[in-house]
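Q: I'd like to go through the pockets of this model with you. Can we take them one at a time?
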Amino acid sequence: MQRSEYEQFAKQANRIFLKGVEAVTPAKLIPGSLHLQGSHLRAGDKTYDLDNFKNIWVIGAGKASAAMGHYTEAILGDRITGGFIVTRYGSYCNLRRITVAEAGHPDPDTNSFLASEKIRHIAEAAQESDLVICLWSGGGSALMADSHEPVTADEYITANHLLVRCGATIREINTVRKHISATKGGQLAQLIWPATTINILISDVPGNETGVIASGPTLPDDSDFNEALSVIRRYDLW
């Protein structure tokens, strides 16, 4: 291949890449997922009458979650009662109705655990008459960190540090995270119930396994403790 041909190919490949990135930004995906007409909110293939809800809460975690919150506010405005979103350092944006915090990624830090407490508080306080909109994107597992007894916060951080550097796939990493956490793998959904939940996800996971994105706090978990243990043994982390 001649240099001119290579340069032309590289430019074309770059244009294709940028178009792909543009198609999955919150600016495109949120307005494409949420449509408000009067009091009726269409989310995917379901429609909700917002007048039937006492409160509307927005929670989320991930590298794109603050931007997702911005566009969610642009659609719902003052209908949002409040909420809490955690994103990585440098991705903060100021929202009117939703609190945004920053935390460590890919290694969780103190702010990651504080953010998880804030989100858990909203989930536990949600009533049957409330709607909880959940915004998840890649990075949410580290940014919303919590440990399940008898695992301590320090042990969780150590496990995360080993997992993200051992060569494990994102599914394998998040399988272990789910089983040392009190919110991941659908456990946050149990805290939100009986409130109504809407999930909006931006995937950075090969195959778009919804339960793997941000470790699926409000989605079904198809893994178990045996699978988590097999990951730990496979990469000699025991």
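Q: Which residues line the second largest pocket?
A: Bearing in mind that this is a predicted model, the lining of the second largest pocket consists of L29, S33, A43, G44, D45, K46, Y48, T197, I198, N199, I200 and L201. The elements that contribute two or more residues to this lining are α2 (26-33), β3 (46-49) and β8 (196-202).

Q: Switching over, what volume of space lies in the largest pocket?
A: The largest pocket holds about 390 Å³ of space, and its lining is made up of 16 residues.

Q: Which of those lie nearest its centre?
A: Nearest the centre of the largest pocket are A159, V176, I180, I232 and W238. As for elements, those giving two or more residues to this lining are α6 (153-163) and α9 (225-234), and α6 gives the most, with 5 residues.

Q: What does the lining of the largest pocket look like by class?
A: Sorted by class, the lining of the largest pocket has 13 nonpolar residues, together with 2 polar and 1 charged.

How values were computed
Residues numbered from 1 in each chain as written. Predicted model: local features only at pLDDT ≥ 70, side-chain atom pairs only at ≥ 80, totals over all residues. Heavy atoms only, no water. 1 Å grid on protein atoms, 1.4 Å probe; cavity = no way out; pocket = protein on both sides within 12 Å on 5 of 7 lines; lining within 4 Å. Points joined across faces, edges and corners; volume = space filled by probe spheres on them. Helix = DSSP H or I, 4+ residues; strand = E, 2+ residues; numbered from the N terminus. Nonpolar A, V, L, I, M, F, W, Y, C, P; charged D, E, K, R; others polar.
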